[in-house]
Amino acid sequence: MGKEHEIILEREGDIGLLIIKNLPQNYLKRPELIEMRQLQEFVATGIKALIITGAGRHFSAGADPETIKSQVKDKKCFTEQLIRGNYILNYLDELKIPVIAAVSGVCFGAGFEIALSCDIRICELTSLFAFPEINQGIFPGLGGITRLSELTGKAVAMELVMHGDMINAAKAKEFGIVDEVTAKKQALDQARILAKKMTDNRPLRVIKAVMTSINNCKALGMEEALKKDAELFARLVEESFSSE
Amino acid sequence: MVGNPKISWEVQENIGFVRLVDEPENRMDTRFFRELLELTKNIIPAADVAAILVTGKGRHFSSGADLEDLRKTIRGGHYSHDFLMANYRSFRFFDDVNIPVVVAIKGVCLGSGLELALHGDFRLCSADALFGLPEATFDLIPGAGGIQKFVQFAGKAKAMELIMQGKSFSAEEALRLHIVDAIFPKKELEEKAIQLAKRAAGDYRKYNKKDYLKELTHREI
């Protein structure tokens, strides 16, 4: 059975780094990337952006099949872990600060699902993406299908999930899965540059207001989203007075 | 009402012209929004036009909201929300109205100026046009549909980057981001916009958008 994955949390100024480590492929041992409380506490330190990346050459090859095989024996326990894993990715998806996936090398299965729960994906020319779950007779269980469909449309998402085919960075860009492709070993630095651009000199309340509005585009209808924007705007005006 | 009007409305043949006329920057203050509300609620719906052209008088489209003036209005408490929603509905009118709306942009097109432009069906600009949503640099957000529209046209990643950074960008960049549909030399801009409005008038379907643009730019080449 594979060894436990480790999550390293680091702060670089206002930017938080979440590093998935289980060298060399960064296999995930549990469906739960990290404990919710640990993640919430890290966010509560006041980070203005979060970058998720893998240690070494790869982002993550996902769950290792051997581990899953032994875990499903205790069905109840596995289901609970899966639910907790889902909570984590939903939390990342709805987080009111920018969350950027910096992807090198392989980004498979649950690893791909983690990347899809981020707001922005930056990868390298040599990066590879896939949902290989189908080869084991299972499917992506952490919301990956839904999130992929939102980016690519149903047809492409169905193909990727049902064939388990691997796609390269160029294809991922073409399908709208990644936002930017960098040269080799440049994804993390590019993510840092982008995170700094977005957060330098910006109060956390403004960052949160922009992210709330952007997340509302998807979650609410136009009319409702705009009502919320008007509320956010009025509150920011009030706050800008009180800080004067 | 004292002072000069902020917006002019004129009908030529079957085209309605909305012009921002507070030169040089065509700023949007409380009075501008009041006039726009009247225009979109009562005047345009009653007019017999088949297309609308929105443009700015002089060198610029609009530098956006007059912040000091708006702050005074918004500070009035619970009135603020209604005021903001009314402004948004005025912008939204140009998105919802069932005739084509062409926006012709030269010079600066910032903040609420860009938010208004984003609610049209077509955006044509001159090569020197400058775009941006700088609200975040004033610790504010674009609050009149600009965020939703930006995400729709340019995608979430670019929307996040440009809105949080608040940086302005060129006409070429706007074209790459699908924020504008075509760029023309400044001298030809209005003529092209009128040509497009006439072409799309009475025969506009969203799915025809690309065909009309192709026609317009092919003639250019």
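Student: Buried area is the accessible area (1.4 Å probe) that two parts lose on being put together, summed over both. How much do domain 1 and domain 2 of chain A bury between them?

Tutor: About 750 Å², with 63% of it on carbon and sulfur atoms. Keep in mind that this is a predicted model: local features need pLDDT of at least 70, side-chain atom pairs count only at pLDDT 80 or more, and totals for chains, interfaces and linings use all residues. Residues are numbered from 1 along each chain as its sequence is written, chains are lettered from A and ligands numbered from 1 in the order in which they are written, and side-chain values use heavy atoms, leaving out hydrogens and water.

Student: Where are the domain bounds in chain A?

Tutor: Domain 1 is 6-199 and domain 2 is 204-242. Such bounds come from an automatic or database domain assignment. The two centres, taken over C-alpha atoms, are 27 Å apart. Domain 1 puts 12 residues into the contact and domain 2 puts in seven; contact means heavy atoms within 4.5 Å.

Student: Which domain 1 residues lose the most area to domain 2?

Tutor: A:K48, A:K96 and A:E150, together 51% of what the domain 1 side buries.

Student: How many salt bridges cross that interface?

Tutor: Two. The rule wants a side-chain nitrogen of Lys or Arg within 4 Å of a carboxyl oxygen of Asp or Glu. Elsewhere on the list of chain A pairs, A:K218 forms a salt bridge with A:D93, closest N and O atoms 3.8 Å apart.

Student: Switching to the chains. How much do chain B and chain A bury?

Tutor: About 3,300 Å², 70% of it on carbon and sulfur atoms. Chain B gives 30 residues to the contact and chain A gives 36. On the chain B side, B:I141, B:Q148 and B:M164 lose the most area, together 22% of what that side buries.

Student: How many salt bridges there?

Tutor: Five between chain B and chain A. A:E223 and B:R92 also meet in a salt bridge through their side chains, at 3.9 Å, N to O.

Student: And the core? How many residues are in the largest one?

Tutor: 126. A nonpolar core is a set of buried (under 20% relative accessible area, 1.4 Å probe, protein chains only) Ala, Val, Leu, Ile, Met, Phe, Trp, Tyr and Cys residues joined through side-chain atoms within 4.5 Å. Those with the most contacts inside it include A:L50, A:I52 and B:F94. This core draws at least three residues from each of domain 1 and domain 2 of chain A.

Student: What does A:I52 touch?

Tutor: Leaving out residues up to four places away in sequence, its partners include A:L18, A:F59, A:L92 and A:C118.

Technical notes:
Buried means under 20% relative accessible area, exposed over 50%, partly exposed in between (1.4 Å probe, protein chains only).
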